[in-house]
Amino acid sequence: MVYTPTQLKSSNSSKHSIVANVGSSWDTALTEAILQGIQVTPGEKKKILIHMSGAGNFVDYGKSGNFVPQANSFNDGNPDDVRKINPTMLNGACDELELKAASAGIANNFIICPGGIYGLGTENAVIDGTTAPSIGIWATWMIQNVNNLGFSPYIGESTAIFLTIHVDDVIQLLFLIFEKALNTWDTYKLGDAYNNFYLGVDERCEGRTLATVFAEFVSATGKLGSVKTRQVAFGTPIL
């Protein structure tokens, strides 16, 4: 018998009591496959599903580059705020699938939403043809943008706040979640998923500060010489 990739993911998930999805926060087909695989028959112990989402759910899509205070900022300690997670958010479609599945008693679900992850990982990655320790998806995107433009852009006054977290702290947070998942395995109730949604943030950085940091980083690689920051307007073609 030949299995499709989705069937294989469901099959692999079914073989484990604890499943962690750190592969994709956007792929609903993957999430559905995992949820299908971890379902148990009545009377069996529910499985644990830990999902890595992202703080991109909470961007305000502002175009000025300036900080805009929010009247009701998202609070991960408020279950009513978590219930507002929906598919229009950057990672919301997968989050919603898992929250509903946990509320239906399919699994004990825990969701982590890290900010922009930075810092060197232990695994190697290929960046612009060069093998190097992984710096994570977000930082890779930012560096590739600087390399492509030849400068590090920021929008307007760039006082808008960006949430970041070091990779080592993400690992520590994952360990804490694993510990809680094990300690609550038999007491986890329907609806507890809304109390187990965690925003992982170390620092709050202004956009211009980040632009400066990435300019300095790319300058240090020696590929482009001395890289400067440059103010740009949202949606304006860069020449």
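Biologist: Is F74 buried, partly exposed or exposed, and what is its relative accessible area?

Modeller: The model is a predicted one. Burial requires a value under 20%, and exposure one over 50%. F74 falls in between and is therefore partly exposed, with a relative accessible area of 22%.

Biologist: How are the rings of F58 and F74 arranged?

Modeller: The structure holds 6 aromatic pairs. In the pair of F58 and F74, the ring centres are 4.1 Å apart and the planes meet at 20 degrees. Planes under 30 degrees apart count as stacked, so the arrangement of F58 and F74 is stacked.

Biologist: What is the geometry of the pair W138 and F214, stacked or edge-to-face?

Modeller: W138 is buried, with a relative accessible area of 14%, and F214 is buried at 8%. Their ring centres lie 5.5 Å apart, with the planes at 80 degrees. Because planes over 60 degrees apart count as edge-to-face, the pair W138 and F214 is edge-to-face.

Biologist: How many residues apart are W138 and F214?

Modeller: W138 belongs to helix 5 (residues 137-149), and F214 to helix 7 (residues 207-221). The pair links distant parts of the chain, the two residues being 76 residues apart.

Biologist: Which residue lies over the face of W185?

Modeller: Two charges over rings may be named here. R83 lies over the face of Y194, at 4.7 Å from the ring centre. Over the face of W185, at 4.3 Å from the ring centre, lies K45.

Methods: Residues are numbered from 1 along each chain as its sequence is written. This is a predicted model: local features need pLDDT of at least 70, side-chain atom pairs count only at pLDDT 80 or more; totals for chains, interfaces and linings use all residues. Side-chain values use heavy atoms; hydrogens and water are left out. Rings of Phe, Tyr and Trp (its six-membered ring) pair if their centres lie within 6.5 Å; planes under 30 degrees apart count as stacked, over 60 as edge-to-face and the rest as tilted. Buried means under 20% relative accessible area, exposed over 50%, partly exposed in between (1.4 Å probe, protein chains only). Helices (H or I, at least four residues) and strands (E, at least two) are DSSP runs, numbered from the N terminus. A charge sits over a ring if NZ of Lys or CZ of Arg is within 6 Å of the ring centre and within 35 degrees of the ring normal.
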